[in-house]
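Subject: Structure handover

Hi,

Here is the structure I promised. My notes follow below it.

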Amino acid sequence: MVLIIIPFIAALLALVFKDKLAKIVALTASVAQLIVNFIFLSGFDVKNSAIQYTSSYEWFSALGLNFSTGIDGIAMVMLLLTNIACVLIILSAWDNKYPGMTKFLSFVLIMQGALNGVFLSTNGLMFYIFWELALIPIYFIVGIWGGENRIKITFKFFIYTFFGSLLMLLALIFVYLHTPGNHSFEWSEMVKADINGWESTLVLWAFFIAFAIKMPVFPFHTWQADTYTVAPAQGTMLLSGIMLKMGIFGMIRWMWPMAKNACGCNYNIFIILAVVGIIYAAIIAIQQNDIKRVIAWSSVSHVGLIAAGIMTWNKEGLQGGILQSFNHGINVIGLFFVAEIIERRIKTRDLTQMGGLAKYGRGFAFLFMIIMLGSVAVPFTNGFTGEFLLLNATFNYQIIIGIVSGLTIIFCAVYMLRVYQLAMYGPEKDNGGRIGKLSWSEYLTLGIIVVLVIAVGVFPNLILNISDTSVNNLISLMKGGAIQ
Amino acid sequence: MGNYIALAIFTPLLGFVVSGLLGRFMSKNITGIISSTSVLVSFVCSIILFNHLSNGGDSVKLDLYNWISAGNISIDFSFLADRLSVWMMLIITGVGFLIHIYSIGYMHHDEGFYKFFAYLNLFIFSMLTLVLGSNYVIMFFGWEGVGMCSYLLIGFWYTNKEYGYAARKAFIMNRIGDLGLLIGIFVLFNTFGTTDYQTIFSGAASANKGTVELICILLFVGAIGKSAQIPLFTWLPDAMAGPTPVSALIHAATMVTAGIYLVARSSVLFVSSELASTIVLVVGLVTAVVAATIAIKQNDIKKVLAYSTVSQLGYMFVALGVGAYSTALFHVTTHAFFKALLFLGSGSVIHAMSGEQDIRFMGGLRKKLKITHITFLLGTLAIAGVPPLAGFFSKDEILAKAYYGNGIVVFVLLALTSVITAIYMFRLYFLTFHGEFRGTEEQKNHLHESPATMTIPLVLLAVLSCIGGFLGLSSLFSHHHFVDEFLGKVLTNAHIPHPSEIFEIAVLIISVVLLAIIILATRRYYISNKNIPISIEDETGVERILSHKYYFDEIYNTVILKPIEWLSRFAHDFMDRKFIDGIVNISGKGVTVCGKYLRQLQSGNVEYYLLAMVVGVITFLVIYQLV
Amino acid sequence: MGVLIRRNGIVLLMCVELMLNAVNLLFTAFSTYFQDSAGQIFVFFIMVVAAAEVAVGLAILVMIYRNTKSVDISLLDKLKH
Amino acid sequence: MKTLILLFISGIFSLFGGIFGLKKILPLFATIALATALGYLFYDSYYGPENLRNMLIFDNYSTFLIAIAICSTILITIMSVKGFSYTDESFGDIIGLMFFVLCGVVCMVSFNNMVMLFLGIEILSIPLYVMVGSNRNNLKSNEASLKYFIMGAFATGFLLFGIALIYGATRTFDLDAIRSLSATALESNPAMISIGLLFVTIAFAFKIAAVPFHYWSPDVYQGSPTLVTAFMATVVKTAGLGAFMKFIIYLSPMLSSDWYLILAIMSAATMLFANMVAVMQDDFKRMMAYSSISHVGYVLMALLTVNKDTPSIVGFYLVVYSLATIGIFACLLIINPNHNKDNSLSIFNGLGKRSPFLALILTVCLLSLSGIPPFPGFFAKYSIFKQAISEHLWLVVIAICSSAISIYYYFRAITAMYFNKVEAEESTELTEKNYAGYLVITLSLIGLIVLAIFPGIIGL
């Protein structure tokens, strides 16, 4: 509850102040938010499978809409990611001089509030409301501060995702109407909904398309590369770092339990789609020349793996998916920030125009290297553990699928190293741009990311333990056991 | 004892952190000394552990913490020091230490000095993790780690574009192997429910035969990538782009033998799976022959050595394939000595030649580079298999095991390879150190012997190359085969009969005679007759094929790279833009088109409106009546 | 039908009136048939309303005539699509 | 009843006030009069439903609809302070006519007898014809007026035919009687009564502009003065939908499944058609016309399922819709007070820079109309979906598709405000300070926010 309110108040506050002060206000708010989050975490009982810190206020009882919030392990990981990421994102905007910076920051804060709302909601309708609410600020962020051709692209992005969410709404209402007794949108009631046969399949597909568009899973991904490219750096970070996780969270928390009676054969289709997406996006990423596009496609590929892993619905896959969501969030923010730093300095994102940047930016090269390696899933970095668990899950699900999705470790190396090499290595290009010294905010942002990359890589159980009991609970719930 | 493991592993890591973060602020010598000391500490720990084990102590296990736990997967971050890993540790830290010392001199003029040492330390750490990990996942952890360090070090001189490509190629080819290994680990996990060595090996006997075969093949795929075997060997010659100490440490002595270690480590599994062993044998054999023939036509001093390494690795795999695991390890050891020596020697030559690597522009260096010359000669003799230097014993043993373990064909091919090895090594030696100097005047004036930090390791390695062979004297000379006795307790060697004395003597005599002929012939051909290699374009027939390395790179280019690039463009430009996005856009456009046509209905004319209204009414009436 | 085919505003107005008269007739007929006065009262209402409507209609037509010098309604198609 | 009388008297007073040059105080007077009427309304309803000889019944729900209409009118009246300055001479008439329309509204939504329905519709329509044409020298206004008139008259014909047929079958105009007689009437004269019902339905469909009887609506909305457009889009629509709902609720036992099918088709066609065509519009008022047509489609969907929740769902929808629409038109009036200039979407270009407050309100209103949470439009739409989903899943799917389409055109306006660059000629500052306009938009914004936070406060 507090987590939702802080950003909104801060968003209003930030509007009052001028540029520099607004930045300070926004940063303070996000740090405060993170601290609150840590306080919650410290009081969080990882051994308790129930949803904790629950609270509920009536909002629109006629519609079954209650302001119900609560945190379980899965949500806790997502909240951590959101609030860490928001600090990073605001910090990363420190050196940007956008026109209307205050508005920009308050949009980011609104976004943070909405995202926290999504992860905190234990009421289906509230989940939907925050889900949509998160869409509006990002629409403005991309639309106002975006690059070339932004209008068309944001339009497409918005309508596409909105269409998906409407399907989700449909599914939510449908489940609501099947809840036992007095209909309710409370999660704990909705999971008891009695839906069978083809209806269940319909619900499943409606949820799936909604989440698949958000994540995005092949073939619902076509909005993504353009949007990521055109958005301002912080917008891209929000989109890829956190918003995408809404889809993953939704799949785990909402889709799966709601459509539990649907035929498992549907998941085969989903997994095949996800795996096709892994390879498809990876292959495309190999040939892209815009650094942001490469990262965007890599994101599709990585998310495909997460989706495939999750939808095996075994514990390793779920845990791996949650862990990797966290990791991917951190890494992709780092990568996009790297792209932004390069763009700030040499005014282009075209890889063919870069080269030899490592020479005058050693510290940068080093930080970039670690983030890149995290994305390639090299040991010592966070990506490794996540991919290990996910690949293990897909492999156990089906050998061929496991092998095909395993190709990602090769392709990922191919395109990420290509980016690194083209940008950082080789002789210097004569375009007057050099990395030079990084500013303190740039150092701090990348530094935090690098520390996280390594820390989670060495101690993945830090994250895994948080969600462990909740995942167990979810699995036992799916096996027909009552909520413990 | 566990503390020594921790000390051995984490001192290099500490060295990495210190030299990486603070190296910029410290003088080069201090950085070098810190890094080298950290490896020395590891070496000392290794000796202590070795002592412990060779005195009959038990394997030491060190549990750090639970690394990953999710569902059924629970992986401990723990280390196991048994005889095999300690043996590898000794090689890694020993040779590693010498190469660190050498690098202080070699890299002295480089601005990335501290970075270089940081990477080297990181490599030592990863390599130790690889050999000390107590389960396959930790091993894989180190496995990937050394691949990453290798990438970093090959691309060390990043301003050169080619070097960058070489680094990438190495990493990606390794990754292909890694995928096999990873899947192998998954199968292991599926079969045994754990990846812990001890549990797996004790349960191996009861496991399904077919599954074990599959596991072995998958593990070997990993080994192919890391140890540069056909078809994934092309990265190793390219990896010579890295600084020479790196080539010596990573691409000759240690990392590339990780594949051997992996197979040897899994000897329990391999020994019972015939198919996998056969594959290992065949791949090793083919690689040994192919790489050796390519080496004959190479003109880059380091590339000759690189192909030689590939070839020697093939040798080791043959040994593994016939089930002589400790023999393979023996060759790993001797190879580490003489190949590190040769690389460091070539580094010294390159150092003297101001970066020139082409042997066509060398010659007559023996006068200026006395220590280098002598040590290099010893290395050459060792690799060629001149008794009683190190290479003779290990190669001899492999030949014998192959003969008794498999048959005459393998033996003949290996012997042939051995001959070719001698030919290209002496070609290299003579062209470099004998004859007249063929470089520029400037280079000639600049020729000088390397500093002591470089020559001392050379001398030490030369000594090791000379005496290394006595670790495993063949039955002809002694009944005390040290390597076999030490490692036999952890490796499950296949039962191969001891070679007869006649065989031993025959091999000894034939090899000595053959070597003498080869030395004389090559000297005559290259020095007396001044047959200096010519450029590739002028060559014909077989020579041309050899110079082009059997066109491996070209084939990969057309068969794999080009199609993927094409596919990438196709997927992006057509599939994505036109097809998938097309569908999305059409559904969007459909709306606008509908809108466009539907709005024509709104003609603006009242009469028409009225008519439309009436039509509406009639339609509804019809629906009303019909339905 | 007149409403549908005529283009002259005045005639159109008349046709609308005719329609209303037809309804009036219907009401009266029903009213008589049912012996119920309500129908006939309704007719009065309709007549009043029709008168008001015609008044407004004519006013509008006059207004248009002032601007276009014509009562042809088919000319009025500026607002469309 | 007192409300009706008060409205009527105020109307006459305004007419005279216009003539005697009291224009300056007319808006104030009208506001006070309307507020008083509102007060009477609640005062009366406090004593329970009022029944006027079975002709008009003021129950909770008609009270509520009247209240919506009056509140909307108050807002529009405040707007008129500036909004009508260009048609000064007829200002009093317009205010007066507005009162008369309200009288019609009162009759329509509280009718309990077909006669009152007919009279209500006519009282509502005839002043509207005049109001639409109030901009005498503007040909567009004339054209709109004529079109509205002709088609309205034609629709009246249908209404009367329908009433006549129902009368013929049941011998009565009284709704209660019709309902109680329906069983016997359906047996003896099935065709007559069903066709009668259909004709009445068509007349309603015309009034609320449901496809395919919507043709007049875009032209009229575009042609008439902005203020009148706002009035029509809110008050008239509320009245039409309210009356239609009452009609359906009362006569639901008589309505066959075929009839519901037709309603469903109409609803689907309305949503799809209006949204699709709206996408292609460049004129903002015309776009809003199509938008309001599409909203009718959603409400029709709610009317398909009649139960105890229907009135409150529709009521809530209408409140939100009216507030948002008034907000939008008020903004339009502030931005483009000069009606002669065309209202293409480009007038919004760069509004986010020129006047952030206006842009904000416009955005909130548009988002509310498009049904994006957490704006109240979402709750309204959502309750309709929820109502319909169990019986008419296909219709809800269509509604969802058309909602997605509707995003397209609502966001075109938002895009224009925030993302489009301002061209030189359009960059003129909003010189004239229209405080009344700002008051209106602020009120509607507050209304929308309150509805978003406490959507439960409206319950019948």
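Which residues of α14(A) are buried? They are F364(A), L367(A), F368(A), I370(A), I371(A), M372(A), L373(A), G374(A), S375(A) and V376(A). Bear in mind that this is a predicted model.

α14 of chain A covers residues 362-376, 15 residues in all. From first C-alpha to last it reaches 20 Å, close to the 21 Å expected at 1.5 Å a residue. Its buried residues pack against α12 (291-310), α13 (315-346), α15 (382-397), α16 (399-424) and α17 (440-458) of chain A. They also pack against α5 (136-154) of chain B. A377(A) follows the helix, and its phi is positive, near 70°.

Now chain A as a whole. The chain has 18 helices and 2 strands. Its C-alpha trace spans about 70 × 55 × 45 Å along the principal axes. Among contacts with a separation of 6 or more, 80% join residues 24 or more positions apart.

Last, the contact with chain D. Here 24 residues of chain A meet 23 residues of chain D. On the chain A side, the elements giving two or more residues are α5 (124-145) and α6 (150-177). α6(A) gives the most, with 12 residues. By type, that side of chain A divides into 20 nonpolar, 2 polar and 2 charged residues.

Best wishes

How values were computed:
Residues numbered from 1 in each chain as written. Chains lettered and ligands numbered in written order. Predicted model: local features only at pLDDT ≥ 70, side-chain atom pairs only at ≥ 80, totals over all residues. Helix = DSSP H or I, 4+ residues; strand = E, 2+ residues; numbered from the N terminus. Contact = placed C-beta atoms within 7 Å. Nonpolar A, V, L, I, M, F, W, Y, C, P; charged D, E, K, R; others polar. Expected span 1.5 Å × (residues − 1). Buried ≥ 20, exposed ≤ 12 C-beta atoms within 10 Å, placed from the backbone.
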